[in-house]
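Q: Could we go through this structure together, feature by feature, with the general idea given before the particular case?

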Amino acid sequence: MDKSLGLLILWLQLDRVSSQQEVKQSPEALNVRERDSVVVNCSYTDGALYSLQWFRQDPGQGLTFLLLIQSNQREQTSGRIKVSLDTSTRQSVLYIAASQPSDSATYFCAVRHSAQPAPVTNT
């Protein structure tokens, strides 16, 4: 039986309104078979990156924090989820290994500038 997961990919920019930062994700939407790997790209325009965060949002729910990667790090891993960061190309990649039906959600990347104060988060 062919089981497919529908992942909707959007972007979120946690940034000052006056900033010229642009954050883009690709692809915008994915259909993935169960147990396949998922790859989502996030690119940003401003090189003054302090950190990049990935979140997911389930239908009707708030954002759930996945991983944070700082500008001096290349990779972070948590379970089946891995995030890489390449500051030279200004790109981050979210990998989800062996996808499961519970991975169906909306995924967001958020960029924080080095000049911004740290956001308050509850974990």
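Q: Which residues of the largest nonpolar core touch the most other members?

A: A nonpolar core is a set of buried Ala, Val, Leu, Ile, Met, Phe, Trp, Tyr and Cys residues joined through side-chain atoms within 4.5 Å, where buried means under 20% relative accessible area, exposed means over 50%, and partly exposed lies in between (1.4 Å probe, protein chains only). In this predicted model, the largest such core has 22 residues, and Y44, L52, W54 and L94 are those that touch the most other members. Two or more residues are given to this core by each of β3 (29-33), β4, β5 (49-57), β6 (63-70), β8, β9 (91-96) and β10, with β4 supplying the largest share, four residues.

Q: Where is confidence lowest and where is it highest in the protein chain?

A: The quantity to read is pLDDT, the predictor's confidence in each residue, from 0 to 100. The protein chain has a mean pLDDT of 80, with 75% of its residues at 70 or more; the lowest mean, 50, belongs to strand β1 (residues 4-9), and the highest, 96, to strand β8 (residues 81-86). Over residues 7-18 the pLDDT stays under 50, although the model has 45 contacts there beyond four places in sequence, a contact being heavy atoms within 4.5 Å. Where pLDDT is low, the predicted coordinates should not be read in detail.

Q: How many helices and strands make up the secondary structure?

A: Helices (H or I, at least four residues) and strands (E, at least two) are DSSP runs, numbered from the N terminus. The protein chain has zero helices and ten strands. Among its contacts between residues at least 6 apart in sequence, 55% join residues at least 24 apart, and buried residues make up 36% of the 123 residues.

Q: Which cysteines form a disulfide?

A: A disulfide is a covalent bond between the sulfur atoms of two cysteines, and the rule applied here asks for a pair of cysteine sulfur atoms within 2.5 Å. By that rule the count is one disulfide, formed by C42 and C109 with their sulfur atoms 2.0 Å apart. The pair links distant parts of the chain, since C42 lies in strand β4 (residues 38-44) and C109 in strand β10 (residues 106-113), 67 residues apart. The link of C42 and C109 is right-handed, with 75° about the S-S bond, and both cysteines are buried. Leaving out residues up to four places away in sequence, L52 touches both cysteines, C42 and C109, as well as other residues including Y44, L67 and V111.

Q: In what sense do β7 and β8 pair?

A: Two strands pair if DSSP finds at least two bridges between them. Strand β7 (residues 75-78) and β8 pair in the antiparallel sense over four bridges, and S78 stands opposite I81 in β8. Their hairpin has two residues between the strands, and G79 takes a positive phi near 60° there.

Q: Which residue in the loop between β8 and β9 is discussed for its place, and what is its phi?

A: That residue is R90, which has a positive phi of about 55° although it is not a glycine; at 33% relative accessibility, R90 counts as partly exposed. A98, also not a glycine, has a positive phi of about 45°. A98 lies in the loop between β9 and β10 and is partly exposed at 35% relative accessibility.

Q: Is I69 buried or exposed?

A: I69, placed in strand β6, is buried, with a relative accessible area of 0%. Leaving aside neighbours within four places in sequence, I69 is in contact with several residues, among them S51, L52, V83 and S84. I69 and S84 are 15 residues apart in sequence, and their C-alpha atoms are 7.7 Å apart in space.

Key
Residues numbered from 1 in each chain as written. Heavy atoms only, no water.
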